[in-house]
Structure formats: structure tokens, C-alpha cells
Amino acid sequence: MSKYSNEFKLKVVKEWLSGQTSLDALVKKYFLSDNSTIREWRDEYLVTGSIGSTGHRVYSPEFKISTLNYLETHSRSETARHFAIFPSTTIANWLSKYRKFGYQVGTAMG
């Protein structure tokens with residue numbers, strides 16, 4: 001479960017996108033740890049048109065490997081936007097499991 005509600009995330013993103021408040025001011029205003037959190041919420045909103053999934057997505061092992069291959073030459077946030085995977089920590093989890101178990105257990109990459 002997320003620490004913040006989808007409504008809160010959307011409120012913060014829209015406030016930033018409106019240009020009324022700077023990113024750093026929003027971090028302070030809402031007591032967030034850093035601005036990367038808001039940037040990821042923004043990316044999800046701009047890519048998908050919403051924040052927060054309505055259901056659990058299941059990814060094939062091949063899709064996960066394709067994502068990790070893309071990650072070799074792109075940042076995690078770029079990879080998340082490219083493949084519309086939010087939160088981007090999902091990709092970090094796949095990478096961790098891949099490094100630990102390798103492709104032969106790709107189906108166990110959560």
C-alpha cells in the first residue's frame with residue numbers, strides 16, 4: 001500500500017504543473033523526502049493520464065528482460081516512462097531478482 005493516496009499525488013502534481021508552486025516549495029510544503037517522488041508521480045500522470053493503477057498488472061518474463069535490457073542504456077525513470085511501469089521501483093525489484101537468480105528463473109521476478 002502506498003504511503004500517499006492517489007488523490008494527494010494528483011493534487012501535488014497538478015499544483016506543480018500549474019506553475020503556481022516550484023518543485024522545491026512543494027517538497028517543503030508537503031514534507032516530502034525529495035523532489036524525485038513528485039517527478040515520478042508527474043511521469044505517471046503524463047504517460048498514463050492518471051495516478052495509481054486500477055488493477056494489478058502481470059508482466060511476462062520476456063517483457064521484464066526487455067525492460068532490463070533497455071535499462072542498461074537508460075535511467076530507471078526513462079525506462080519507467082518508456083514502458084509505462086509505475087512505480088519505477090518495480091523495475092529496481094526486477095533487476096535485484098535478476099542479479100540474484102538470473103534469467104532461468106525469470107518467471108519468479110515478481
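Buried means under 20% relative accessible area, exposed means over 50%, and partly exposed lies in between (1.4 Å probe, protein chains only). This is a predicted model: local features need pLDDT of at least 70, side-chain atom pairs count only at pLDDT 80 or more, and totals for chains, interfaces and linings use all residues. Residues are numbered from 1 along each chain as its sequence is written, and side-chain values use heavy atoms, with hydrogens and water left out.

## Overall build

The protein has 6 helices and 0 strands. Helices (H or I, at least four residues) and strands (E, at least two) are DSSP runs, numbered from the N terminus. Along the sequence the pattern reads α-α-α-α-α-α. Of the 110 residues, 35% count as buried.

Contact means heavy atoms within 4.5 Å. Among contacts with a separation of 6 or more, 48% are between residues 24 or more positions apart.

## Two nonpolar cores

A nonpolar core is a set of buried Ala, Val, Leu, Ile, Met, Phe, Trp, Tyr and Cys residues joined through side-chain atoms within 4.5 Å. The largest one has 12 residues, among them Phe 8, Trp 16, Leu 26, Tyr 30, Leu 32, Ile 38 and Trp 41. Helices α1, α2 and α3 each supply at least two residues of this core. The largest share, 4 residues, comes from α1.

A second, separate core holds 10 residues, including Tyr 59, Ile 85, Phe 86 and Ile 91.

Which residues does Phe 8 contact, leaving aside its neighbours within four places in sequence? They are Tyr 30, Leu 32 and Trp 41.

## Aromatic pairs

A pair of aromatic rings is described by the distance of the centres and the angle of the planes. Here, rings of Phe, Tyr and Trp (its six-membered ring) pair if their centres lie within 6.5 Å; planes under 30 degrees apart count as stacked, over 60 as edge-to-face and the rest as tilted. The structure holds 9 aromatic pairs.

Phe 8 and Trp 41 have ring centres 6.0 Å apart and planes at 80°, so they pair edge-to-face. Phe 8 sits in helix α1 (residues 6-17) and Trp 41 in helix α3 (residues 35-48), so the pair ties together parts that are 33 residues apart in sequence. Both Phe 8 and Trp 41 are buried.

Tyr 59 and Phe 63 have ring centres 5.2 Å apart and planes at 15°, so this pair is stacked. Tyr 59 is buried, at 15% relative accessibility. Phe 63 is partly exposed, at 24%. Ring pairs link Tyr 59, Phe 63, Tyr 70, Phe 83 and Trp 94 into a cluster.

## Salt bridges

Side chains of opposite charge can pair when their charged atoms come close. A salt bridge is a side-chain nitrogen of Lys or Arg within 4 Å of a carboxyl oxygen of Asp or Glu. By this rule there are 3 salt bridges.

| Residues | N to O distance |
|---|---|
| Glu 15 and Lys 29 | 2.8 Å |
| Arg 42 and Asp 43 | 2.9 Å |
| Asp 43 and Arg 81 | 2.8 Å |

Glu 15 lies in helix α1 and Lys 29 in helix α2 (residues 23-29), so their bridge ties together parts that are 14 residues apart in sequence. Glu 15 is buried, with a relative accessible area of 13%. Lys 29 is partly exposed, at 46%.

Asp 43 lies in helix α3 and Arg 81 in helix α5 (residues 76-83), so their bridge ties together parts that are 38 residues apart in sequence. Salt bridges that share partners join Arg 42, Asp 43 and Arg 81 into one network. Arg 42 is buried at 18% relative accessibility, and Asp 43 is buried at 7%. Arg 81 is partly exposed, at 31%.

## Helix α3

The expected span of a helix is 1.5 Å times one less than its number of residues. For the 14 residues of α3 this gives 20 Å, and the end C-alpha atoms are 20 Å apart, which agrees. The buried residues of α3 are Ile 38, Trp 41, Arg 42, Asp 43 and Glu 44. These buried residues pack against α1, α2 and α5. Gly 49 follows α3, with a positive phi near 85°.
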